[in-house]
Amino acid sequence: MIISASTDYRAAAKRKLPPFLFHYIDGGAYAEYTMRRNVDDLSSVALRQRVLRNMSELTLETQLFDETLSMPVALAPVGLCGMFARRGEVQAAQAAAAKGIPFTLSTVSVCPIEEVAPAINRPMWFQLYVLKDRGFMKNALERAKAAGVKTLVFTVDMPTPGARYRDAHSGMSGERAALRRMLQAMTHPAWAWDVGLMGKPHDLGNISTYRGHPTGLEDYIGWLANNFDPSISWKDLEWIRDFWEGPMIIKGILDPDDARDAVRFGADGIVVSNHGGRQLDGVLSSARAMPEIADAVKGDLKILADSGIRTGLDVVRMIALGADTVLLGRAFIYALATGGAAGVTNLLNLIEKEMRVAMVLTGAKSVSEISRDLLVPQAGSVIG
Ligand SMILES: Cc1cc2nc3c(=O)[nH]c(=O)nc-3n(C[C@H](O)[C@H](O)[C@H](O)COP(=O)(O)O)c2cc1C
C-alpha cells in the first residue's frame, strides 16, 4: 500500500540496510511515544479546502537569511549518513544543491567538511553539538568557515543522550555489538559491497581530522558519550555568537520561553524540534509545540521546524502552524539509503509536487500566504 514516498522508502531501506543501521535511523528514545506523536499530530492537522481561486501562478520560492530556496525545505543534520549510502553525505548534499535547497552537515558525519563542501555548488549548512571538548568545537567552526559555510545550526537538545533501547537490541550498541554488526552485514550483501566496502573510510571525518587519527564507530559512541556537556547554558554560547559571522540557528527548541531566550540571545533562527523523538520521550510533538512558539516569537527570528515531516502536505501543515521553513530528517534518510542521490532527488521532487497540490487546493499562491487561516480547528487536534 502506498501511503507516501517516505513510507515506501522506509520499507525499502528496511530491506536494504543491516538491521543495526535501519533501527538506528528508525528508532526513537525510550518507548517512542513522542516519535509517533510527531507524525500523528501533524497528519491530524486538517487543511481547509478552497476552490475556484485561479491558482495558475504559484511559487514555492523562499528567502531565508541571504539565501534563496526553491522551496521552504532543507535537509536536517543526520549523523553517520556515510553508513547508509556510499559517501552518503556527499550524495545527499548533491541532491539538495541540485534542487536548490540547503544541506546540513552533522558534526558526526562520516564525510568530513572538506569532502562535502567542495562537492556542491551552494554553501552547505553546518551543525555543531555542544561538547566538552571546546578545542574540537573551535576547530570545527574554523574549518566550516574556511569551507565557505555561512549558516551554523547549533544543536542544544543533547546535553546528555536519551536512551535508545532499539540500538541495544539491534546490535548498534550493547553486548557483542561488533560481532552482531558483522553478521548482519554478511546477510545484506548489496549494502556490504556498495557501502561497507566501496564506501570506506567509515570513520567520523570531522572528529578524525581534529584528532589526527581515524575515529571508528566504537570510538565514536565512547567519544560522544564522554563529550556531551550537561553544564551548558546560554552564556557558554556567547563566544560562538561572537566568533560566527553568519546566521546562527538554535536547534532543539520546544518551549515558548526558550524561544524568547533565543531571541534575547540574538539567534537568527530556531529549529522547533524534539530531535525526531530521539531525546526525551514524552515531550510535545513539534506540531503541537509550534503554535504557541510562533505566537511568542514569529517575526523576531526565523522559525524552522522538524520532527515528523514526511510529505509535502506535512510541510504545508507545519508552515501553516507557524514555521518559516522545515527540515526533513528520516524522510530523506530512508530515500538516501534506498537510492542514494537519485532517491533523495526523487523524494524532493515528490515533496514539491505534494506541496503544490496542497497550495492549489488551499488557495495559497506563495509560501507567505500559508498561514493558520488554511487550517480547520478541530477538537483533539493541534489547533482545537
Ligand atoms: C539517524 C538520525 C541521526 C541524527 N543525527 C543528528 C545529528 O547528528 N545532529 C542533529 O542535530 N540532529 C540529528 N538528528 C535529528 C535530526 O536532525 C532531526 O531533528 C530529526 O530527524 C527530525 O525528525 P524526523 O526524522 O521525524 O523528521 C538525527 C536524526 C536521525 C533520525
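Tutor: Let's start at Pro201, which sits in the loop between helix H10 (189–197) and helix H11 (205–211). Helices here are DSSP runs of H or I with at least four residues, strands are runs of E with at least two, and both are numbered from the N terminus. The peptide bond joining Lys200 and Pro201 is cis, with omega about 0°. Before we go on, keep in mind that this is a predicted model: local features need pLDDT of at least 70, side-chain atom pairs count only at pLDDT 80 or more, and totals for chains, interfaces and linings use all residues. Residues are numbered from 1 along each chain as its sequence is written, and side-chain values use heavy atoms, with hydrogens and water left out.

Now for two other loops. Ser307 lies in the loop between strand S10 (302–305) and H16, and its phi is near 95°, a positive value in a residue other than glycine. Ser307 counts as buried because its relative accessibility is 6%; buried means under 20% relative accessible area, exposed over 50%, and partly exposed in between (1.4 Å probe, protein chains only). Leu52 also has a positive phi, near 55°, and isn't a glycine either. You'll find Leu52 in the loop between strand S1 (46–47) and strand S2 (62–64), and it counts as exposed because its relative accessibility is 89%.

Next, look at helix H3 (residues 33–43), where Thr34, Met35, Asn38, Asp41 and Leu42 are buried. Seen down the axis of H3, these buried residues fall within an arc of 140°, so they line one face of the helix; that arc is taken from the directions from the helix axis to the C-beta atoms. Their cover includes helix H2 (19–26), helix H8 (165–170), helix H15 (286–297), helix H16 (312–321) and H17. Val360 has its place in H17 (residues 330–362), and Val360 counts as partly exposed because its relative accessibility is 34%.

Finally, zoom out. The chain has 17 helices and 12 strands, and buried residues make up 58% of its 384 residues. Among contacts (heavy atoms within 4.5 Å) in the chain with a separation of 6 or more, 73% come from residues 24 or more positions apart. Along its principal axes, the C-alpha trace spans about 60 × 50 × 40 Å.
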